[in-house]
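Subject: Structure handover, chain interfaces

Hello,

Here is the structure for your files. My notes on the interfaces follow it.

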Amino acid sequence: MSGPDAETPSAIQICRIMRPDDANVAGNVHGGTILKMIEEAGVIISTRHCNSQNGERCVAVLARVERTDFLSPMCIGEVAHVSAEITYTSKHSVEVQVNVMSENILTGTKKLTNKATLWYVPLSLKNVDKVLEVPPVVYSRQEQEEEGRRRYEAQKLERMQTKWRNGDITQPILNPEPNTVSYSQSSLIHLVGPSDCTLHGFVHGGVTMKLMDEVAGIVAARHCKTNIVTASVDAINFHDKIRKGCVITISGRMTFTSNKSMEIEVLVDADPVVDNSQERYRAASAFFTYVSLSQDGRSLPVPQLVPETEDEKKRFEEGKGRYLQMKAKRQGQAEPQP
Amino acid sequence: MSGPDAETPSAIQICRIMRPDDANVAGNVHGGTILKMIEEAGVIISTRHCNSQNGERCVAVLARVERTDFLSPMCIGEVAHVSAEITYTSKHSVEVQVNVMSENILTGTKKLTNKATLWYVPLSLKNVDKVLEVPPVVYSRQEQEEEGRRRYEAQKLERMQTKWRNGDITQPILNPEPNTVSYSQSSLIHLVGPSDCTLHGFVHGGVTMKLMDEVAGIVAARHCKTNIVTASVDAINFHDKIRKGCVITISGRMTFTSNKSMEIEVLVDADPVVDNSQERYRAASAFFTYVSLSQDGRSLPVPQLVPETEDEKKRFEEGKGRYLQMKAKRQGQAEPQP
Amino acid sequence: MSGPDAETPSAIQICRIMRPDDANVAGNVHGGTILKMIEEAGVIISTRHCNSQNGERCVAVLARVERTDFLSPMCIGEVAHVSAEITYTSKHSVEVQVNVMSENILTGTKKLTNKATLWYVPLSLKNVDKVLEVPPVVYSRQEQEEEGRRRYEAQKLERMQTKWRNGDITQPILNPEPNTVSYSQSSLIHLVGPSDCTLHGFVHGGVTMKLMDEVAGIVAARHCKTNIVTASVDAINFHDKIRKGCVITISGRMTFTSNKSMEIEVLVDADPVVDNSQERYRAASAFFTYVSLSQDGRSLPVPQLVPETEDEKKRFEEGKGRYLQMKAKRQGQAEPQP
């Protein structure tokens, strides 16, 4: 509560106004926004503590967050107060306790939103695989150390147990071969937020294009595992507008490779999640061409795409047609001089 | 010097310094960043033009971007200059030509980066399904109108042809039934950028948690199609650090529903795309609990999850176990007092 | 069409649509967003100028912003036009004048929002503690140089005087009474990330100003619990640069209230968390003036501040002095005509 206090360097407080982009369409702040603020407080206080004695410099890396409950919702316009303090240190880890309060600065009302416990481990800046020792904290009561040790042992045990608990979420095709379409195929979902939209609640075309390029770039990087850059974008048609609150799925698949370029088809589908009355629809589509660059910026050969299904072979031939047509067009006209 | 120029209302110029977040790890600005700036210039100039006569107010919506080539790469620290002008108007659409130059402000070097042509359509603000008429531009040479009309007809034809060209990118399970696990299952890929990372090139734990919550929220919204909020997060274990330049896949699937809550399992996998030597690995995992809220903030009943496969049934039972254990724990202890 | 104009290299124009995240809940764009755009224009034009002759490469770093008034509020959906030009150069500093206009692209209405004067100093890229020489600008009228020199001498003097003016903000009192300084006093900490910084690892002056305005806004909202907007910013002095990896603390406290305005002092301290060798230092300081608006945009009376301690009373009197001086100045001169 006391702000950065000179006498208790092991306490810190962060506050920030909640903005439209921090919340869903109904105005409730996303749990993820709060978790992110909690971690920001945690990493500052634990990095500061681990560097408080002379010795090798380090950065504190998050190892575990204990179960946390969201006790009351926070809204746009409220101020989130995140206060953190170090409550226990073992030889190689730091426990940070964080409290989050919401304050309505118009009415003065304050509420406890949640409490969280985070564990950090200090990694050496010189060698990030080396865990350093943590300077001990001073406890005001003897029992605090004993209670902390019990929490430390409990989380350590649970951490071990859970490491292998989770299976994979089934992927459509398992272990696809390199250079196939399935190998690099990628898709991204994006929950449309206020800052993606015009005042009138449609997604800016530019936001959609940026996401399309992002997916195409991931497909290209997965295919050739080098530094890749956009070389050209085929005509993009926007078939229908996308409204605020939609979830959009942007999918990319490689359709064709020449010696030094890759063509990636990107489709954008919009899903009005909350509005049951409307079906998912195709909002936009385009072909992106990427090239692969060496470290000194020269274009590299690209691994050849191996189409497997009939559809993939058909799309490969269509891509080849577009490639040859564009090549002929370029040779037919004088090169544009910047 | 001149501010928005009264004499040439049909021209605009935007410029901005390119930042680390605009570029990939090698320092090349993403094509998507440039496309986004191009569209911002286009929407300003075309909205301004379509409202330049008295009459119904409208917003210009992007309908098509012509093929564009990226002639030379742009780098972090350079200034992008985007200049746009209106080059043709049909009865219901506006053509905008955009040029992008990169300027190195340390050396003074300037390069043409790309040229683009965008088509906008004005939609009424009162009724967004109504297309308004576009005020005509004045051409300085007679031929400009004729050339513009040819471009207009050509794009109209191609637009019609391509509308139905693209098939769906195959989804793992086709047409899943509502309330099944497959129906709401979602995954998101994210290319780790500089602002996701600490100074030392690891992804902030808070960034990962925010993305995990985002996926869990999309799964919950798809399942119950209402306003949903995070109620609690189970312990999150960070099994391994994620480095700059990775692509992370965050997958969420519903595991259990009680009367008024949903449990969603979220897995985070990191894929060091460019670095061939390292395999994809599990970076973090957790269970999120969401509740559904009515418009006045009261909790709503949740549609019951229908597990189909043996694995889904097993996970449902495990989720039920966690739910009952937590419920018993809550009833056993005095409710925490904020 | 022409990109950065070859004939007037000392002028630049930036424009951008205002988005929900740029504004408060009532839709008024934050003063801090505008200050950030102003600084972006300033840093481009001054860095370009300082590198315009062959010689050692440098980056222009913000040293001071003169007092600036916000003449009319800007809203979401409007386009901000920021135009900057170099108006004076001394041996080691550059003066940049910036005008901001708001344009409603639906109605075509344009308004002057504010004017600002910024001072930059060129630091060598090889040795960031070395200040380089500035190439002289060419004045179109003889008097311009003389007037510029007078402004330069005046700011130099004031800069010296203010360097040690500010005491620390301390936070001792719990449960403060409404309308006291302690009641609304606020501070925010921010971990400097890559996207806050220039390529050379300093925090952009505009990022610091945006955070200063955010804290001042929280203080003002706590004090009067209404929709508040930035009315003016006193001269901001940047005493020292802030490096990547620092944690910055931005503290705000109310110093004075008139019938319809509040003055808030904001202090910025930088703390090099990881680097033990350097002490926490004062990086910047300024006074912000806020006004309170009713829902229809009219200015409201402000609750009177109740200074308690001797220091608070002293600062109140100093604030009153600044207020009366500014009032006299305004009445003495013809109101500036947009």
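**Chain B with chain A**

The contact draws 95 residues from chain B and 96 residues from chain A. Please keep in mind that this is a predicted model. Between chain B and chain A, about 8,400 Å² is buried, and carbon and sulfur atoms account for 57% of that area.

There are 6 salt bridges across the interface of chain B and chain A. One of them joins the side chains of A:Lys241 and B:Asp129, at 3.3 Å from N to O. Polar contacts between chain B and chain A come to 25 residue pairs, with both residues at pLDDT 80 or more. On the side of chain B that touches chain A, helix α4 (residues 205–224) of chain B is the element that gives the most, with 10 residues. Sorted by class, that side of chain B holds 38 nonpolar, 30 polar and 27 charged residues.

Within β9(B), B:Asn237 is the residue opposite A:Arg64.

**How the two copies are related**

**Chain B with chain C**

The contact between these chains takes 41 residues from chain B and 37 residues from chain C. The buried area between chain B and chain C is about 3,500 Å², with 64% of it from carbon and sulfur atoms.

How many salt bridges cross the interface of chain B and chain C? The rule finds 4. Among them is the one between the side chains of C:Arg48 and B:Glu103, at 2.6 Å from N to O. On the side of chain B that touches chain C, the elements giving two or more residues are β1 (11–17), α1 (31–50), β4 (79–89) and β5 (94–103) of chain B. By class, this side of chain B has 19 nonpolar, 12 polar and 10 charged residues.

Regards

Conventions:
Residues are numbered from 1 along each chain as its sequence is written. Chains are lettered from A and ligands numbered from 1 in the order in which they are written. This is a predicted model: local features need pLDDT of at least 70, side-chain atom pairs count only at pLDDT 80 or more; totals for chains, interfaces and linings use all residues. Side-chain values use heavy atoms; hydrogens and water are left out. Contact means heavy atoms within 4.5 Å. Buried area is the accessible area (1.4 Å probe) that two parts lose on being put together, summed over both. A polar contact is a pair of N or O atoms within 3.5 Å; within protein, one must be able to donate a hydrogen and the other to accept it, and residues adjacent in sequence count only if both atoms are side-chain atoms. Helices (H or I, at least four residues) and strands (E, at least two) are DSSP runs, numbered from the N terminus. Ala, Val, Leu, Ile, Met, Phe, Trp, Tyr, Cys and Pro count as nonpolar, Asp, Glu, Lys and Arg as charged, and the others, Gly among them, as polar. Two strands pair if DSSP finds at least two bridges between them.
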